[in-house]
Amino acid sequence: MISVIESQPAGSGIDLVKQVGEIFSPNGLLSRSKNFEYRPQQQQMAVAVARALEAKEHLVVEAGTGVGKSIGYLVPAILFAVANRKKAVVSTHTINLQEQLVEKDLPMLAKILPVKFSFTMLKGRQNYLCTRRLHKAMQQADSLFTSPEVEELQRIYEWSKRTEDGSLSDFDLEPDPKVWAQVCSERGICSPKICGYASEFGKQNGICFFQRARSRILSADVLVLNHTLLFTLLGGMDEEMDGGILFKNDFVIFDEAHNVERVASRHIGLSVSSGQLRFALQRLWNPRTEKGVLATLHRGAPVKLVAELFEATDKFFVELEEACEGLARDNVATRRQNSTESPPSTVVLRRTGRPTDGRTWTELRIRRPDLVRDNVTLPIQRLREAVSELIKSSEDTDTGQELMECNRRLSELREAVVVFLSQSADQHVYWVERTGKTQKNLALNAAPIDVAEYLRHRLFGADTSVVMTSATLGTRVGQASSLSQTKREIAKESETGATPVLRRDALDYFVRKVGAERAVQLQVGSPFDYERQMKLFVVNKMPDPREAGYHDALIHWIEHFVKMTHGKAFVLYTNFKLMQEIGERMQPWFDKLGIECLVQGTGTPRSTMLEKFKADVDSVLFGTDSFWQGVDVPGEALSNVIITRLPFAVPDHPLIEARIEAIEAHGGNSFNEFSLPEAILKFRQGVGRLIRAKTDSGIVVVLDNRVLTKRYGQLFLDALPQCPVEIV
């Protein structure tokens with residue numbers, strides 16, 4: 001049921017609201033499309049989006065699985081954008097949803113809706129080939145590239161004559177990043193004034209592929225991109241847009257909005273790694289191969305400075321790792337002494353279950369400035385000054401622009417190192433992270449502890465609408481309404497011109513963490529019949545994970561419930577090491593049963609694992625974090641979701657620890673205000689993997705009896721759709 005506690009008057013655009021309501025009605029325009037099914041929840045969502053856009057209001061709407069969210073927001077967004085000459089910016093988290101919107105949903109609506117509109121996908125400009133840079137790179141290939149790289153450049157050239165859109169997605173096999181970096185579009189090099197390049201490179205009058213894409217972007221009524229790119233663009237804008245977010249006359253819809261806070265925090269902070277610095281320097285000059293932009297100039301002085309900076313950079317990161325190892329040892333010693341106070345240099349270390357060549361940490365929180373001696377920022381500045389002199393004396397405009405772009409990137413990296421070592425960004429958390437397959441690349445990171453204030457100002461303070469939607473936003477859920485009941489609620493809306501707003505506490509946690517307190521809040525439920533389609537099993541007696549019998553009990557119950565559905569199961573873990581240990585112990589049992597068990601982290605890529613699971617109907621998949629959400633397996637192949645442990649986040653990431661500290665410092669309760677709601681949301685996402693279509697059915701198993709024995713346990717059960725429950 002959708003609980004209504006207050007109403008808001010309709011905006012002046014009642015015509016759009018009525019039009020959208022009619023389009024989604026049982027006999028409306030959408031009913032002419034194939035496979036249309038009237039869903040009152042979808043109609044209610046679409047009407048709410050239309051009303052928010054007309055009134056320049058913000059809207060947060062949770063729409064359960066099966067509602068058809070994308071069509072629910074696209075129809076009002078398209079009609080409003082075309083009528084008001086605005087641009088609808090639709091941001092998603094996954095590439096799968098982007099492709100669904102651009103290749104399926106939008107083309108379908110283009111055939112049905114009574115207005116003409118254009119749409120395109122926005123990619124980062126470095127995804128596109130710059131034909132002018134390619135032409136220059138071909139001329140200077142001997143100075144820029146080694147022999148294998150020249151062959152790669154030739155492959156890119158041959159591809160450039162065939163490609164339609166000139167982007168990385170058009171490659172069968174993506175090119176070498178080092179070579180692509182010399183021919184892709186870049187901010188300071190590829191511009192409308194200089195890249196209307198007519199030659200044998202590229203098609204359609206030879207214009208640069210990115211500039212052609214830019215023309216489509218500027219003229220499009222609907223623009224699709226991902227959260228990462230949106231916040232990267234937002235963070236790089238020097239000033240706010242008048243009447244818009246990314247463009248002067250736009251509005252933004254975030255699908256998969258439950259990921260917004262996490263993505264925003266990483267992309268409005270800073271990150272600089274040893275790999276990034278080396279890549280930037282090698283672009284100028286690679287001492288090993290003696291190739292680079294400087295090789296095209298035959299000048300000696302800057303080359304020497306680059307070599308010196310390579311040496312200084314290597315020394316800096318060696319000293320950084322040694323300092324971090326010392327801090328990690330201090331932290332372990334402090335824990336062993338059971339000290340309640342953390343030293344000023346304390347760190348939070350995060351271990352992984354993956355081998356790290358004896359290394360004991362993955363992320364280390366740094367609480368003090370000047371962790372190591374700064375021996376890189378001054379050499380970077382000296383190199384930048386020398387390159388600036390080269391730019392002044394350069395007779396080749398193209399080479400001058402290449403050098404300017406190199407200098408700009410070096411400036412950004414230098415500033416990031418300065419900010420990290422000084423810890424000068426207010427209300428930020430700082431940490432060092434090991435990255436890459438071998439975890440030998442060190443990255444310095446800083447991110448705001450709370451992104452709500454930034455989003456409150458930069459998104460929800462704009463003079464345009466922001467809509468956020470997902471199947472899982474609330475820590476409490478209204479049970480799915482009956483068809484007749486939802487129809488009555490929609491009829492009541494039409495009579496009063498009001499938008500129903502659910503109980504304030506249902507989405508309260510989400511709106512606070514993204515700064516959307518002023519937004520209208522709505523929860524429309526799901527059209528699925530969970531009473532019939534899903535059954536929940538809860539194991540009454542389970543040992544504590546610290547007890548000796550826990551592993552045996554876990555294996556016993558996994559075997560019991562896997563037998564019940566003869567495979568066809570996701571087994572979701574919160575601990576990577578535990579998952580691998582249980583998977584190894586159970587392998588003989590699965591072999592005996594004739595069921596393949598796919599275990600995450602054993603060498604098979606995640607996407608390949610998922611395809612194997614879908615293809616082999618009886619298989620079982622053991623997964624951790626990334627399989628709790630964003631995975632869609634409709635049909636019999638997934639008939640059983642086993643949750644081994646309630647997904648409380650361990651405060652082993654610096655950002656999580658800092659948020660918990662901030663809550664406690666303000667007199668709050670970090671368990672109730674952070675840990676519990678985060679766990680409930682992830683629990684709902686895990687359970688949500690099971691029922692993906694009206695024809696799906698299956699069981700959900702919870703192997704954690706805290707839902708029965710702890711006072712907070714009922715909150716997890718209340719967060720699920722109403723369905724039969726059996727205590728085992």
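Two strands count as paired if DSSP finds at least two bridges between them. The legends below describe close-up views of a predicted model.

**View 1. Seven strands form an open parallel sheet.** The order of the strands across this sheet is E3-E4-E2-E5-E10-E1-E11. Strand E3 (119-121) and strand E11 (520-523) are the edge strands; each has a single partner strand, so one side of each has no neighbour in the sheet. From one strand to the next, the twist averages 15 degrees.

**View 2. Strands E2 and E4 run parallel.** Strand E2 covers residues 87-92 and strand E4 covers residues 222-226, and five bridges join them. In this pairing, Val90 lies opposite Val224 in E4. In general, the strands of a sheet pair through backbone hydrogen bonds, in either a parallel or an antiparallel way.

**View 3. Four strands form an open antiparallel sheet.** Here the order is E6-E9-E8-E7. The edges are strand E6 (270-273) and strand E7 (363-365), and each of them pairs on one side only. The twist averages 20 degrees from one strand to the next.

**View 4. Strands E8 and E9 pair in the antiparallel sense.** Eight bridges link strand E8 (residues 428-435) with strand E9 (residues 441-448). Glu433 is found opposite Ala443 in E9.

**View 5. Helix H15 spans residues 397-422.** With 26 residues at 1.5 Å a residue, H15 should span 38 Å. The expected span is 1.5 Å times one less than the number of residues. At the start of the helix, a side-chain oxygen of Asp396 comes to within 2.9 Å of the backbone nitrogen of Asp398. Just after the helix, Gln423 has a positive phi of about 50 degrees.

**View 6. The largest cavity holds about 80 Å³ of space.** The model has four cavities of 30 Å³ or more. Rolling a probe the size of a water molecule over the atoms shows where empty space is left. The residues that line the largest cavity are Arg133, Lys136, Ala137, Gln140, Leu144, Gln182, Val293, Thr296, Asp398, Thr399 and Glu402. Helix H5 (131-139) and helix H15 each supply at least two residues of this lining. Sorted by class, the lining has three nonpolar, four polar and four charged residues.

Terms used:
Residues numbered from 1 in each chain as written. Predicted model: local features only at pLDDT ≥ 70, side-chain atom pairs only at ≥ 80, totals over all residues. Heavy atoms only, no water. Polar contact = N/O pair within 3.5 Å; in protein donor to acceptor, adjacent residues only side chain to side chain. 1 Å grid on protein atoms, 1.4 Å probe; cavity = no way out; pocket = protein on both sides within 12 Å on 5 of 7 lines; lining within 4 Å. Points joined across faces, edges and corners; volume = space filled by probe spheres on them. Nonpolar A, V, L, I, M, F, W, Y, C, P; charged D, E, K, R; others polar. Axes fitted to C-alpha atoms, helices over the stretch in contact; angles between N-to-C directions.
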